[in-house]
Amino acid sequence: MNIKKKLIALTAVLAIAASFAGCSDNKDSAGKDETTEPATLSSEEYDQVTKHDLTIEPFVPGEGEVAQDAVEGGDSSSDNAEGGNAVEGGNAAAGGNDTANNNNATEGGNAAGGDTNSTAGGNGDSANTNNNDAVADNDAGSNNAELPTDGGLQVHNGTRTTMQAWWMDLSKSKDYVFNGEYLVAEFKIKDDAPDGIYPVTLDWLDFANWETQTIKFTGIDGAVIVGADAPENTFNDDDTPQIMVSNVSGKAGETVKVSINVKNNPGVIGNILRFSYNSDVLEYVGGGEGADFNGHFK
C-alpha cells in the first residue's frame with residue numbers, strides 16, 4: 001500500500017463521480033429534452049470513499065508482497081529492494097519517506113553485546129546506510145543515540161513484530177497540521193523479561209499532503225528499557241519534519257506507554273506508518289491517537 005497512489009486513485013474516483021453528476025440532460029423516448037437529478041454521492045458514500053479513521057493493526061505482508069511494499073516501477077539505491085525508490089515520470093518522490101536511519105550511535109553498533117536476530121525487521125550490528133528517497137526499511141537497527149549502553153545493559157532486538165498505523169481524510173479538502181504527541185502504543189513487559197534495552201523502531205514512513213505530494217519525515221527510534229531509567233529521547237536540532245519514538249522504562253510485568261511524536265509537520269492528509277518491537281519480551285496491548293492528534297477526525 002502506498003498513500004500517494006491511494007490519494008491519486010481516490011482523486012480520480014471523485015472526478016469521475018463529479019463528471020457523472022454533471023450529466024443532467026437526457027432525451028426521453030420521444031426525443032425531447034428532460035432534466036434529471038444529478039447523480040451525486042451521498043454524504044455517507046462520500047465519507048466512505050474519502051475518509052479512513054486511524055487504525056493500528058499487525059502488518060502481515062500478503063502472498064507475493066515484499067515486507068516493505070517495494071513500489072511498482074521503483075529503483076533502489078541500496079541492496080534492500082524493500083526500500084526502493086518509486087519513480088513516477090522520473091521523480092523519486094512517490095514512494096514515501098526515508099526514515100534516515102543512517103546514524104546508529106550505540107556503542108559497537110546496535111547489537112551492543114546483545115542478541116542479534118535476522119527475522120523480519122531483525123537487526124545486526126552494522127549501521128543502517130539506507131538513504132533511499134522513497135520509503136525506507138530500517139533493517140539494520142535502531143538509530144537512537146540516547147540508549148544507555150554504557151551502563152552494561154544490552155540491546156535485545158529479538159523477534160521483530162510490526163504494527164501498521166494508517167489514516168486518511170480528504171473530506172475537509174485540506175491538510176492536517178499537528179505537532180507533539182501523534183500516536184501512542186502500550187506494551188506489556190513480559191513477566192520473565194531480563195534487564196535490557198528493547199528498541200521500538202520506525203520501519204516505514206509514508207506521508208502525503210492534499211496536493212498528493214510525498215512529505216519526507218526523518219524517523220528517530222525509541223526503546224523500552226528494563227532495569228534502568230530511560231533517558232529522554234530528543235529531536236534533531238533542525239527545522240525538517242521529524243517523527244520520534246519516546247524512550248520509556250519499566251519493570252517485568254508492567255505495562256508501559258510509548259509515544260510517537262511529531263515536529264515540524266508541514267501538513268498531511270494521510271499516512272502509513274510502521275513500527276516494530278521485540279515480541280519475545282514485549283506484548284502490544286493497544287494504541288491510538290496521541291493527545292495532540294486526538295480529535296482531528298471529529
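The model is predicted. The chain has 298 residues, and 48% of them count as buried. Its secondary structure consists of 2 helices and 14 strands.

**Overall chain**

- Among contacts between residues at least 6 apart in sequence, 77% join residues that are at least 24 apart.
- The protein chain exposes about 13,400 Å², and carbon and sulfur atoms supply 46% of that area.

**Nonpolar cores**

- The largest nonpolar core has 43 residues. Those with the most contacts inside this core are Tyr 182, Phe 187, Phe 207, Ile 243, Leu 273 and Phe 275.
- Strand β6, residues 196-208, contributes the largest share of this core, with 6 residues.
- Leaving out residues up to four places away in sequence, Phe 275 touches several hydrophobic residues and others, including Ile 56, Met 163, Ala 185, Phe 187, Val 200, Leu 202, Ile 260 and Tyr 284. Thr 161, Thr 162, Thr 201 and Asp 203 are also among the residues that Phe 275 touches.

**The open sheet**

- An open sheet is formed by 5 strands, in the order β8-β10-β12-β5-β14, and the pairing is mixed.
- The edges are β8 (218-220) and β14 (282-289). Each of these has a single partner strand, so one side of each is left without a neighbour in the sheet.
- From one strand to the next, the twist averages 20°.
- Inside the sheet order, β10 pairs with β12 (residues 255-263) in the antiparallel sense, over 4 bridges.
- Ile 243 has Val 262 of β12 as its bridge partner. Ile 243 is also one of the residues with the most contacts inside the largest nonpolar core.

**Asn 233, a buried loop residue**

- Asn 233 is found in the loop that runs between β9 (222-226) and β10 (242-245).
- The relative accessibility of Asn 233 is 7%, so this residue counts as buried, the cut-off for buried being under 20%.
- The side chain of Asn 233 has a polar atom 2.7 Å from the backbone oxygen of Asp 221. A polar atom of the Asn 233 side chain also lies 2.7 Å from the backbone oxygen of Val 245.
- Beyond its neighbours within four places in sequence, Asn 233 is in contact with Asn 144, Glu 146, Ile 220, Asp 221, Gly 222, Met 244, Val 245, Ser 246 and Asn 247.

**Two loop residues with positive phi**

- Most residues other than glycine have a negative phi.
- Ser 173 is not a glycine, yet its phi is positive, at about 55°. This serine is found in the loop between β4 (160-169) and β5 (180-189).
- With 41% relative accessibility, Ser 173 counts as partly exposed.
- Asn 264, likewise a residue other than glycine, has a positive phi near 60°. Asn 264 lies in the loop between β12 and β13 (270-278).
- The relative accessible area of Asn 264 is 27%, so Asn 264 is partly exposed.

Definitions and conventions
Residues numbered from 1 in each chain as written. Predicted model: local features only at pLDDT ≥ 70, side-chain atom pairs only at ≥ 80, totals over all residues. Heavy atoms only, no water. Buried < 20%, exposed > 50% of the residue type's maximum accessible area, 1.4 Å probe, protein only. Polar contact = N/O pair within 3.5 Å; in protein donor to acceptor, adjacent residues only side chain to side chain. Contact = heavy atoms within 4.5 Å. Core = buried A, V, L, I, M, F, W, Y, C linked by side-chain atoms within 4.5 Å. Pairing = 2+ DSSP bridges. Axes fitted to C-alpha atoms, helices over the stretch in contact; angles between N-to-C directions. Areas by Shrake-Rupley, 256 points an atom, 1.4 Å probe, with all protein chains shown as cover.
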